[in-house]
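Please read them with the structure open.

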Amino acid sequence: MATTVNTITGTQTMVLNMGPQHPSTHGVLRVVLELDGETVLKARTEIGYLHTGIEKSCEAKTYSQAITLTDRLDYLAPLSNNLCYCLAVEKLLGLEVPKRAQYIRVLLTELTRIGSHLVWLGTHAIDLGAMSVFLYCFREREEILKILEMVSGQRMMTSYFRIGGLALEPPPGWLAAVERFVGMFPSRIQEYEDLLTKNRIWLARTQGVGKLDAEDAIALGVSGPTLRGSGVGYDVRKFFPYSSYDEFEFEVPTRTEGDCYARYLVRLAELRESLRIIRQAMAKIPAEGPIRSEAPGIVPPDREKMKTEMEALIYHFKIFTEGFSPPPGEVYQAIESPRGELGFYVASDGSPKPWRVKVRAPSFVNLQALPKFVEGRLIADVVACIGTIDIVLGEVDR
Amino acid sequence: MSLELVLFFVLAAMAIGGAVSLILQRHPIHSALSLIVVMVALAGLYLLLGAEFIAAVQIIVYAGAIMVLFVFVIMLLNAGVEARTNVSRMARYVGLPLGFFLTVELAYWIAGGAGRQAPVSAGPTPTRELARMLFREFVFPFELTSILILIAILGAVVLAKKET
Amino acid sequence: MAETQDLEQNPVVSKLRAWDPQAVAETHEFRGELTIVVPREQLRRAAEFLHGDPESQFAYLSDITAVDRFPVEPRFELNYHLLSIPHRARLRLKVRVGGSDPVVDSVNAVWPAANWHEREIFDLFGVRFEGHPDLRRILMPEDWEGHPLRKDYPVEGFR
Amino acid sequence: MVPISYYLVLSAILFGLGVVAFIFKRNIITIFMSIELMLNAVNLTFVAFSRALGKLDGQVFVFFVIVVAAAEAAVGLAIILLIARNQQSLNIERVNLLKL
Amino acid sequence: MSNLVAQHPVLVVAVIKIAVLMFLLLTALAYLTWFERKVVAHIQSRWGPYRAGPHGLLQPLADGLKFLFKEDVTPSGADRFVYYLAPFLTLSLSLTAIALIPFGPGEFKLFGQRTSLGIANLNIGLLFLFAITSLGVYGVALAGWSSNSKYPLLGGLRSSAQMVSYELALTMSVVGVLLLAGSFNLREIIAAQQGFLWGWLPRWNIFASPMPQVIGFSCFFTAAIAETNRLPFDLPEAEGELVAGFHTEYASFKFAMFFMGEYASMITVSCLATILFFGGWLSPFPQIGALAWMRYLPTALLAAGSAWLVWDGIRYETLLGKIVLPVLGVVLAGLAVLIALPGANDFIQGPFWFLAKVFIFLFIYVWVRGTLPRFRYDQLMAVGWKLLLPASLANIVLTSFAIVVGKR
């Protein structure tokens with residue numbers, strides 16, 4: 001067994017490879033821990049085991065084709081990625097999206113946020129040994145996936161948002177399904193809270209663990225609940241509203257403690273805020289209206305038009321064979337994904353394929369804070385800290 | 001052969017085998033396991049001798065606590081196989097024969113001398129009697145042992161903390 | 001696409017100009033996003049200034065992106081996406097680096113968040129960062145040859 | 001009935017083996033274990049005599065021996081831990097200086 | 001040797017009893033896993049095993065077969081002897097411990113030998129139980145060490161520290177009971193709990209005057225959960241941190257042995273809790289006029305169970321279930337009639353109450369597992385040394401004080 005002698009303290013230390021195959025690293029993350037007994041002296045994060053070259057692939061696809069690639073980034077919140085990429089391209093084009101589509105986008109991304117937070121809560125809890133919470137969370141996530149399937153035909157790789165609007169008119173009855181979920185969910189949040197929030201063991205495992213103060217959090221560039229748990233109220237939805245978020249009323253929950261428990265509370269509060277947004281969106285969505293903006297040559301025409309108008313048919317053919325060409329330029333569009341600031345940098349050279357697509361993945365940046373969380377603490381805390389960052393390796397490695 | 005005698009020989013064989021294995025094994029964990037075998041065998045012998053309480057204490061304290069501590073330390077230090085260094089010549093040429101001789105002599109004298117003493121009739125000693133002795137006749141030494149243990153705990157804590 | 005006249009009024013640009021005229025090579029705005037091009041040598045100083053200056057306070061580094069403009073020279077563009085939380089403002093710093101000697105000063109000391117971003121760019125583009133504490137490949141295997149996101153690297157990889 | 005002498009012979013053999021182990025083993029922990037073995041051998045004698053004489057004093061003594069052994073193990077193993085930390089070795093031949 | 005056996009018919013009886021108990025116990029172990037999976041599943045709003053046989057009743061069999069036929073991998077560099085020894089040690093020790101448990105007051109005749117329910121009846125039964133459980137740590141520690149792998153090693157280290165610490169609290173927490181009963185013999189401990197306070201409250205040690213052993217019981221049960229390595233104290237195997245802890249490198253039947261060992265010690269500990277604090281086989285109801293029908297409670301329960309099985313079986317989806325469940329129901333009905341007969345009825349009272357209480361404890365085990373998160377290692381040690389041990393010591397002091405005062 002490899003043991004090395006720590007030259008500073010003179011004691012024997014042990015190097016432990018946590019991952020890439022480990023139940024609590026949430027994918028193929030590898031953390032190399034240098035241990036003295038059970039205390040972590042040094043942690044080094046190794047990533048890249050899920051590197052799929054999505055950014056490079058985007059450069060070989062047309063703007064519309066690249067949407068399907070974004071699903072695979074943060075596979076727990078595919079609609080957030082869709083939304084961010086579409087917004088970036090729309091910004092590049094200077095395209096305005098109809099309000100109805102915007103509200104539906106907001107509703108669905110907030111549903112996605114709830115679904116993603118549920119996976120986080122479940123896995124975080126099971127990492128710390130609370131098995132039942134995991135299954136409760138997945139029970140509710142199932143309902144969300146059903147709604148997504150209803151709308152897009154896919155449970156996870158939705159690709160539902162398209163440049164200029166939505167892929168399809170949502171089916172009748174989908175709002176009733178959302179309504180059912182919204183009615184049922186608050187009591188379910190209470191159920192999780194009953195099991196965890198005041199549980200003495202849960203408090204002992206999360207309070208004071210993975211401390212990060214506001215200054216370090218900003219310096220390390222962490223975002224999302226990880227940042228807001230440290231008392232910085234940065235939320236892209238409030239700071240740089242997109243997709244009509246400025247028309248919605250919601251709070252940005254923050255906590256100042258900066259530990260795992262604070263982040264847990266922030267995320268739980270976000271579940272409730274998302275519900276609030278969903279309720280408002282349901283009231284706002286008009287029953288009728290276009291779901292795609294009117295932009296010939298960029299947005300595919302309606303099926304009906306395509307069959308009757310020659311011009312529409314030509315545009316349809318052109319869009320799906322060679323794509324469209326935005327003006328040369330570069331944009332950076334950020335949204336608030338469940339994990340934090342998700343950004344898409346898209347540079348165009350005037351051709352139908354993006355010159356460069358860069359994903360500012362929140363998990364990738366947040367993961368940098370891990371050594372800060374765990375050094376000097378016990379192995380069991382490493383698990384809690386990985387859980388509290390809420391990483392998705394698909395997004396970290398891209 | 002009576003059942004008791006059969007049991008005695010089985011247990012004695014276990015004990016001696018364990019002790020020999022303690023010497024022959026080169027990895028400390030194996031040595032510790034051998035010693036545990038000896039202790040369990042001895043506990044069985046105590047039972048044969050009617051000392052029920054001592055047998056239970058032998059397993060609980062010796063096998064269940066002291067030896068666990070040994071195993072724990074061996075695992076903690078990640079002790080490897082014992083280095084085969086040259087044994088001091090004194091030990092090899094004088095000590096070994098002497099030790100062997102001593103054993104044989106002891107065994108011989110005991111077998112010859114004390115063997116005449118017949119064992120007292122069977123029946124386990126009641127634990128109650130033992131307790132009475134401990135808390136009446138030996139109450140002072142008994143209380144002293146608690147001080148001894150306290151000191152040992154303090155000593156262990158101080159020694160283990162010395163590093164930091 | 002650059003409306004240079006207007007941008008002179010922009011407080012950040014004028015502030016940076018006033019601090020050091022050398023620090024701003026050019027500025028543009030596209031779709032409401034402000035870009036300041038900084039000479040390679042000035043990057044580290046400009047970063048420190050923008051980070052520390054109380055009127056800008058760009059303490060949050062969102063992202064660093066590299067773009068390969070191959071075959072145009074200077075080939076690489078590094079885009080630093082900055083965010084000022086108190087002022088709710090974004091800013092893009094751009095640095096152009098030639099293909100023959102792709103080296104930039106690391107901003108790791110200014111924004112620790114830059115650590116992995118710079119490693120990623122080193123890994124995928126081969127741009128080196130002077131003064132980076134731990135410049136290793138991050139996504140690709142240690143013994144990988146080539147830098148996959150360069151334009152002269154085929155999408156299918158070298159076979 | 002097992003004659004008392006059988007027990008005493010067994011005890012003597014075990015004690016002898018303990019001595020041999022004490023002399024021949026190089027590992028501090030094993031040496032420590034051989035001491036325990038010798039103590040155990042003595043305990044057997046105590047119990048055997050207690051039985052032979054029909055008195056319980058022998059068992060009380062064993063009780064005390066076990067207590068002492070426990071205390072000894074606690075302190076002894078702490079010392080061994082220290083030695084191992086400072087010397088990076090458990091070989092008795094390298095612990096020839098009277099210092100930890 | 002054959003004349004040895006003839007001389008000692010006790011041996012023959014013991015061997016037969018051991019065989020029967022072993023058979024019952026192993027079946028119980030198998031169905032305990034089924035029970036746990038079902039209960040946890042229902043806590044988590046799912047169905048649990050459902051495919052293998054009606055209500056998944058054949059699941060244990062399927063699991064057993066799977067364990068037997070899985071490839072058995074030995075890690076390279078493992079210390080083979082110790083690696084093979086560890087699971088055997090764990091299983092055999094936890095099975096041995098059950099030999100000391102008395103299951104009922106009754107006696108029956110076998111080959112002309114009067115013999116009791118339970119295999120051994122020692123004067124110092126409780127001490128011996130502790131002696132055996134104290135050896136249990138070796139299985140875990142050695143498994144961790146011999147695998148030559150880091151996660152098991154950490155698991156093994158954790159477990160040896162944890163089990164030694166909690167054993168102290170475990171032993172100390174029953175001293176109060178010993179003071180009240182004045183004996184190490186498990187039968188005598190139960191016998192000392194006979195009778196009722198104020199005519200209705202059973203004088204079990206948990207309620208007993210002069211000093212109810214509530215503190216003792218809480219300490220005992222907490223420490224017992226830790227001793228058996230179950231959640232929230234399952235740190236030696238904590239799958240979230242150490243993959244599977246000490247048995248990470250074990251597969252196939254060796255893994256199954258650890259598994260069975262864990263469940264067997266759960267049963268032992270539940271039996272002990274029943275005996276020490278909840279009056280063993282004593283009925284909680286006084287045998288007075290109005291409650292005399294309680295004698296037929298086992299019959300009633302069995303009858304109700306059989307009725308439900310038949311009813312459920314008829315509606316069951318699969319043909320196998322339609323056959324098996326009603327047949328099971330009829331068998332249970334037969335049993336219900338059988339134990340209503342006067343002779344059998346007396347005999348069954350003790351085991352019935354004993355097993356019913358044990359069952360409740362096993363349910364609590366599963367319930368706790370479905371509810372609580374896991375402790376961290378240092379917190380676990382803190383609970384053991386700073387809470388349980390002082391509390392159980394305080395319990396001893398209070399109890400002895402109460403006894404002395406009570407005697408005045």
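**Notes on the B–D contact and some local features**

1. Start with polar contacts. Between chain B and chain D there are three residue pairs in polar contact, counting pairs with both residues at pLDDT 80 or more. That cut-off applies because this is a predicted model. Salt bridges between chain B and chain D number zero.

2. Next, the extent of this contact. Chain B puts in 81 residues and chain D puts in 68 residues. The buried area between chain B and chain D is about 6,900 Å². Carbon and sulfur atoms give 79% of that area. Of the six pairs of chains in contact, it is chains B and D that share the most contacts.

3. Which elements form the side of chain B that touches chain D? Six helices of chain B each give two or more residues: H1 (3–24), H2 (28–48), H3 (52–77), H4 (89–113), H5 (127–136) and H6 (139–161). H3(B) supplies the largest share, with 14 residues. By class, this side of chain B holds 61 nonpolar, 14 polar and six charged residues.

4. Chain D has no contact with two other chains. Chain C and chain D do not touch, and their nearest C-alpha atoms are 32 Å apart. Chain D and chain E are not joined by any contact either; here the closest C-alpha atoms lie 13 Å apart.

5. Look at helix H15 of chain E. Helix H15(E) covers residues 377–407, 31 residues in total. From first C-alpha to last, H15(E) reaches 44 Å, close to the 45 Å expected at 1.5 Å a residue. Where does H15(E) kink? The kink is at E:Leu388, shortly before the proline E:Pro390, and amounts to about 30 degrees.

6. Please check two cis peptide bonds in chain C. One runs from C:Phe70 to C:Pro71, with omega near 5 degrees. The other runs from C:Glu73 to C:Pro74, with omega near -5 degrees. C:Pro71 sits in the loop between strand S3 (60–68) and strand S4 (76–84) of chain C. C:Pro74 also lies in the loop between S3 and S4 of chain C.

7. One more backbone point in chain C. C:Arg31 has phi near 50 degrees, a positive value in a residue other than glycine. C:Arg31 belongs to the loop between strand S1 (26–30) and strand S2 (33–37) of chain C.

How values were computed
Residues numbered from 1 in each chain as written. Chains lettered and ligands numbered in written order. Predicted model: local features only at pLDDT ≥ 70, side-chain atom pairs only at ≥ 80, totals over all residues. Heavy atoms only, no water. Contact = heavy atoms within 4.5 Å. Buried area = accessible area lost by both parts, 1.4 Å probe. Salt bridge = Lys/Arg side-chain N within 4 Å of Asp/Glu carboxyl O. Polar contact = N/O pair within 3.5 Å; in protein donor to acceptor, adjacent residues only side chain to side chain. Helix = DSSP H or I, 4+ residues; strand = E, 2+ residues; numbered from the N terminus. Nonpolar A, V, L, I, M, F, W, Y, C, P; charged D, E, K, R; others polar. Expected span 1.5 Å × (residues − 1). Bend = angle between axes of the 7 residues up to and from the residue.
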